[in-house]
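Hi everyone, thanks for coming. I'd like to walk you through one structure today, so please have a look at it on the screen.

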Amino acid sequence: MRGRAGRSLSDRPGKAGPSEARPTLYLSEVDVRKYSFLWMLFPALLLYTVFIAYPFFSSLGLSFYDWPGIGPKKFIGLSNYKNILSGFMAPEFYRALGHNIVFFIWSLILSVVPGLFFAFLLSADIKGTKFLKVIYFFPNTLAIVVVGFLWGLLLNPQWGLVNQLFRVLGLGFLAKPWLGNTSTALPTIIFVTAWRGLGFYILVYLAAILGIDREMTEAARIDGATEMQIAGRIILPHLLPIIATTSMLKFIWTFNIFDIVYAMEGTQGGPAGSTDVLGTLFYRIAFGGLGSSQVGMGLGATVVTLIFLLVFPVSIFYVFIVEKRVERGE
Amino acid sequence: MLLLCLMMPAWAQSKPATVTIWGWRAQDVDVWKSVETALKAKGEQITIKYEVFPPTEYDSKLLVSLQGGVGPDLMYTRRLPGARTQALIDNSYLVPLDSSVDLSNFDNVSLSFIRSNNKTWGVPFANQIVGIFYNKAMFDKYKLKEPQTWDELVQVAETLQKNGITPFFVSGKEAWTLAMQNAMVGVSYPGDAWIGKLAEGKAKFTDPEYVNMLKDLNALKKYYQKDFMANTTAEQDVAFAMEQVAMVFYGVWGNTNWLKTNPDLKFDYFPVPPKDKNLPAKAYIYMDGAYGLSSASKNKDAALKVLNYAGTKAYGELFSSTTGEITAIKGVTMPASKPILVKCYNKMVTIASTNRYWVGSPFDAGMPSVYNILQENMQKMYLDQMTPEELAKKLQDGISTWYPAFKK
Amino acid sequence: MMFKLNGLQKAIAWIFLALLAFVNLYPIGIMILSSFKSTREIFLKPFNLPAVWRWSNYVSAWQRADFATYFKNSILVTAASIAAILLVSSMAAYVIARFDFKFKRGIYLFLLAGLALPTRLAIIPIFLIMRSLNLLDKLSGLVIVYAAGGIAFSVFLLVNFFKKLPRDIEDSAKIDGAGPFRIYWQIDLPLLKPALVTVAMFNFIDVWNDFFFPLILLSSRVKKTIPLGLQAFFGEYTIEWDVLFAALNISVLPILIIFLILSKQFIAGMTEGALK
């Protein structure tokens, strides 16, 4: 019988060690034929290096210059970094950074918890849930600015749906200017982002749940475990790798957030800067926003470099640690 | 006139050319079509290609393209003082126009917004006036008159509110409107002359004249619509057009939207009144933008013909009647079908403030600019997270980091 | 299915499921309804059905935004980009997933770095490269940029999918003397159809909705793509809501249709392992 995807390697008797059936190549074996497969890597590598990697890394180099985006560049060493980390721009930078961190934490909670919950529901023996998957993913297909725009309308304090609904339900005290208060604007944007992205997480977790060996759960059921226990003791631990992966992706994405804030509060990250994130800060500095002519591409590049330095280690962590575990565990 | 002859040799008159123009105003598409027609009627074989880019992205597009050596013949520029336009000038992307374009139809004030180093860098296309626009029917109903002092304005608001009408609609979510509001109040209260002293460093934002204005402005918010901090200008336009609110702090460009939504709307304009009844009421006027000639243009002759046409009264009339906005060309009669334009134009000529501190002012030439500081901090003040005194201090401190007259 | 629930639990579950569906669909429903209303109606009666179903909004939007041209361009660019991304990324993912060689981790990391990079910063170098390759104002230039930009995420996803493929068939093919490319092309790819659809779908969403690269790299109106066309309705001082909504719906339609058609494959790709 064909094995299922994800079957454990440990059920191959007599096979130990990290590399299973993969041909391991040592550089000392200079056998051209054995390297022939590498050409398949080149198109991607070439495209990526020329059009993405090189432009980016040269732009990061801009962080050592003072450059208003036009005209001559002036080398200023680490001045931009000093400015951002401890100088004039520091308060704005740290504030934005703080917002990104809050964004990540809440975004993660709002994706993982409902994501798992609904994935569990969808994996249960309930009839007629197939079409729901399509519905749940649909918001993900909309452009982020469209989502921000739509929700901006819904959140209009006087006649928007959200407040109208609260009033109708007798919860009038909840009918607030959600995007107009420094305490509620960021959470609102986080919510809208979660709204758009939840479908992705539901489907991914559902996939992982459905990939679990039935025999295990059946055996547990026979042994008298309740559904809750099965969920907690068997399924959840099995999902940890996928949760880790999606968390990493989420981390990377939230630190690069720009469009949703731009769409809902503008490049200023209002009100009163309460939704300013590193992405909007960068945009204002590099390109200028409404009412603020740009301060400089060099300074903007500094912000991006810092974001990159923050975010990239997570990717490294993922590739070296999580993936290794995944390889070993599956 | 000698200049005109010099630049139109007969052989050039019928050479066909395409002039590319880049701008951020979608409402100008029809204007350029009409210009093309008008030029053709004069025997000029010029085709105009006008490309519109969204205003928020226009600068990026322009900057990137110019540096790459790709760009239009004519480009819309914003005003001076202004870092963006100055950058274009400093990097020789624009050509000075004094000797090649007839600018006699523009007054000095309009031109001053696009002059630097004693050279003129563009042909202005529109002037804007900002102030308070109000619903005539509501004023008539409660027998209200255009207020002549700030206290009268508060009285008007009070009367309206007592009668169940929302006096003002303010778009708190769009911080730039708050900066605009602050600026339009500032030219009357504390006033044009005071701003003049400020510009020379003889007054400070922290002076009582200004702090009192901030306090009064902050106190005015009880007359704004509930939850105003979450509203946008789009919602403001609908509310005003649908007669849900009596007054808005806005600019004359709003009339096109309002009339499109409600053609029967009867509205009028008055400048923000001064606190002191002995001071004159002034209106904040600024030049909206200009057409600049690219130094890399390969069609300079044809482009100059377009520019020269854009400096004529005929063009001014065409512009105003097509877009419903006020042309920068003087002596043009506003279309009678738009009484608001007539009124505003008249005000522009009579009560324009000579000094200002928002767009087109010396305080906009460096960072952080007044515009910049006001945006976020007006929001804070309205949210009661900052006192008027603190806002004044923030302005003073911020501007002092670069403005020469404040630094001494 | 994984869980067995009793009747009451099923009912409760359904309440939650329906609630989420409602929350997901309502804003979209508003978007659709609004496209048939006049601007006044959109603001004053946002939740009612339109008084009159104004198909004229759609006609206006189609003509004003030159949709025929923009549609054609968007479809061309998106299709070409996806094809390029799929081909190039699947080959790279195959190599990374199936082979071990020095620097593999480094290269993989190098590619993953692309996940963390914001587009806008590098726009000037990208613009200059395009210019020197004479690819400005050309749809092919856009395709190349999108292809390059989609590699990071696509390779990431596909590596995971490749790793899950069973090796038996591959191994027997190897014994029969098949080279790496043959294995990839004839064996793995067909098995990966759901995965490819998944990757295609994600890239479709990103490419179709992107407006920044077309903005900077294109100039002629005849080359513009749909997101740029939509911007036409965001004037400096005016927003024409009725036509704008119609335009939004038109631009969303292709994604919706493709998604519905491919949803089975897509869901399968996402939930792979379940359909054996």
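Predicted model: local features only at pLDDT ≥ 70, side-chain atom pairs only at ≥ 80, totals over all residues.

C:Leu262 itself lies in helix H13 of chain C, which covers residues 241-270. Now look at C:Met201: 61 residues separate it from C:Leu262 in the sequence, yet in space the two are 8.7 Å apart, C-alpha to C-alpha. Is C:Leu262 buried, exposed or partly exposed? A residue needs 20 or more other C-beta atoms within 10 Å to count as buried. C:Leu262 has 18 such neighbours inside 10 Å, so it counts as partly exposed.

On to chain A. How many helices and strands does its secondary structure come to? The answer is 12 helices and two strands. Of the 330 residues in chain A, 46% are buried. And if we take the contacts in chain A with a separation of 6 or more, 67% of them are between residues 24 or more positions apart.

How confident is the predictor here? Chain A has a mean pLDDT of 81, with 85% of its residues at 70 or more. Among the elements of chain A, helix H3 (residues 90-123) has the highest mean pLDDT, 93, while helix H12 (residues 297-329) has the lowest, 78. Please be careful with residues 1-20 of chain A: the pLDDT there is below 50, and the stretch has 20 contacts in the model beyond near neighbours in sequence.

Chain A also touches both of the other chains we'll talk about. With chain C, the contact takes 77 residues from chain A and 79 from chain C. Which element gives the largest share of the chain A side? That is H1(A), with 11 residues. By type, this side of chain A divides into 54 nonpolar, 17 polar and six charged residues. With chain B, the contact takes 26 residues from chain A and 31 residues from chain B. There, the chain A side has 11 nonpolar residues, 15 polar ones and no charged ones.

Now to chain B. It is divided into domain 1 (2-127 + 288-346) and domain 2 (129-284 + 352-407). The C-alpha centres of these two domains of chain B lie 30 Å apart. Where the domains meet, 14 residues of domain 1 and 15 residues of domain 2 take part. On the domain 1 side, helix H14 of chain B (residues 339-351) gives the most, with three residues. That side is made up of seven nonpolar, three polar and four charged residues.

Let's zoom in on strand E6 of chain B, residues 123-135. Why do we call E6(B) largely enclosed by the rest of the structure? Because 13 of its 13 residues are buried.

Last stop: helix H12 of chain B, residues 300-309. Eight of its 10 residues are buried, including B:Val306 and B:Leu307. Those two turn up again in the largest nonpolar core, which has 308 residues: B:Val306, B:Leu307 and C:Ala92 touch the most other members. Helix H7 of chain C (residues 139-164) gives this core its largest share, 18 residues. And what does B:Val306 touch, not counting residues up to four places away in sequence? Its contacts are B:Val19, B:Val35, B:Ile46, B:Ile48 and B:Leu74.

That's my tour, and I'm happy to take questions!

Technical notes: Residues numbered from 1 in each chain as written. Chains lettered and ligands numbered in written order. Contact = placed C-beta atoms within 7 Å. Nonpolar A, V, L, I, M, F, W, Y, C, P; charged D, E, K, R; others polar. Buried ≥ 20, exposed ≤ 12 C-beta atoms within 10 Å, placed from the backbone. Helix = DSSP H or I, 4+ residues; strand = E, 2+ residues; numbered from the N terminus. pLDDT = per-residue confidence, 0-100. Core = buried A, V, L, I, M, F, W, Y, C linked by C-beta atoms within 7 Å. Domains from an automatic or database assignment.
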